[in-house]
Amino acid sequence: MAKARKAGDRELAAAISALRKPTVAVWAAGLLARRRPKEAQSLVQLGEALRTAHRTLDAGQLRRLSHDQHVVIQELARTARALAVEAGQVVSEPVLHEVEQILHAVLADPDVAAQWMAGRLVKAPDAALGFTGLEPAPGAAPPRRAARSAAPAKEQVRPPDPDAGGRVVQVRRERARAARAEAAEAETEAERSEAARAAAQEAADRAGTDAAAAEEEVRVAGERLETVRAAGADAAARLKEAGRAAAKARARAETAARKAGKLTGPEG
């Protein structure tokens with residue numbers, strides 16, 4: 001908006017100003033999609049696999065993917081929180097929970113997923129309650145009914161997405177790589193901190209040594225000052241005593257001179 005105003009484009013500035021400011025949760029979720037596009041794409045693919053499993057009513061696939069979705073969403077929400085903190089925005093626990101709800105909606109709704117990946121999500125979608133509104137594929141039947149039905153009925157069930165498991169494995173591999181990278185970065189930061197601490201300790205030791213030397217110099221200077229002060233006081237006392245002796249000598253000299261004058265003067 002500031003750039004538009006600076007450029008003199010009032011209409012563009014007004015349009016930008018009118019845009020709704022996203023909540024912290026929506027902003028953090030969008031930051032995740034921008035900064036971690038591969039992990040975001042894996043989440044979208046996991047949603048596609050889950051929707052396929054719902055349509056085909058594949059109980060085994062649903063159990064596996066449902067477990068994966070909770071793990072993935074929790075880890076991605078924590079990643080979004082870390083990215084927000086790096087950008088200077090604190091994310092509270094309620095906001096973190098809202099980020100998780102947004103990611104659940106991304107899994108459940110392909111339109112929300114598309115908006116999220118494109119960076120056009122401006123408000124938190126309604127809380128996703130499972131995969132409501134997703135109709136089973138023609139010929140699909142609940143697991144129990146499928147077990148009792150005849151063989152031809154089983155053949156009508158569409159097979160699950162064969163790539164879903166591979167995508168989940170890819171998500172796990174990417175999480176492991178991210179964890180290893182984070183651990184390596186933390187180790188490097190720890191080494192930097194240790195080097196800085198060692199340098200600070202060395203500087204502190206040098207400062208301590210310099211302070212001790214300065215204190216010794218102050219002590220010696222103090223002793224010298226006391227010696228000089230004592231010598232000065234002694235010299236002042238001797239000077240005073242010499243002054244009194246000189247005064248007495250002058251007085252005796254004057255007395256002697258007067259007596260001599262009387263003895264050598266003309267007789268009366």
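Analyst: Let's start with contact, which means heavy atoms within 4.5 Å. Helices are DSSP runs of H or I with at least four residues, strands are E runs of at least two, and both are numbered from the N terminus. The model is predicted, so local features need pLDDT of at least 70 and side-chain atom pairs count only at pLDDT 80 or more, while totals for chains, interfaces and linings use all residues. Residues are numbered from 1 along each chain as its sequence is written, and side-chain values use heavy atoms, without hydrogens and water.

Our pair is α4 and α5. On the α4 side, E39, L43, L46, A49, L50, A53 and H54 take part, and they meet Q61, L62, L65, S66, D68, Q69, V72, I73, L76 and T79 in α5. Sorted by class (Ala, Val, Leu, Ile, Met, Phe, Trp, Tyr, Cys and Pro nonpolar; Asp, Glu, Lys and Arg charged; the others, Gly among them, polar), this contact has 10 nonpolar, five polar and two charged residues.

How are the two helices set against each other? Axes are lines fitted to C-alpha atoms over the stretch in contact, with angles from 0 to 180 degrees between N-to-C directions. The axes of α4 and α5 are 10 Å apart and the angle is about 155°. That makes α4 roughly antiparallel to α5 (over 145 degrees; under 35 is roughly parallel, 65 to 115 roughly perpendicular and the rest oblique). Their crossing is left-handed, meaning that the near helix is turned anticlockwise from the far one by less than a right angle.

On a 1 Å grid over the protein atoms alone, a cavity is a set of points where a 1.4 Å probe fits but cannot get out; a pocket is an open set with protein on both sides within 12 Å along at least five of seven lines, and lining residues have an atom within 4 Å of a point. Grid points are joined across faces, edges and corners, and a volume is the space filled by probe spheres on them.

The structure has one cavity of 30 Å³ or more, and the largest cavity holds about 40 Å³. Its lining consists of E39, S42, L76, V171, E174 and R175, so E39 and L76 from our helix contact turn up again here. The largest share of this lining, three residues, comes from α10. By class, the cavity lining has two nonpolar, one polar and three charged residues.

The largest pocket has a volume of about 610 Å³. Among its 21 lining residues, R36, T79, A178, A179 and E182 are closest to the centre. Two or more residues of the lining come from each of α4 (37-56), α5 (59-86) and α10 (164-264), with α10 giving the largest share, nine residues. The pocket lining divides into eight nonpolar, one polar and 12 charged residues.
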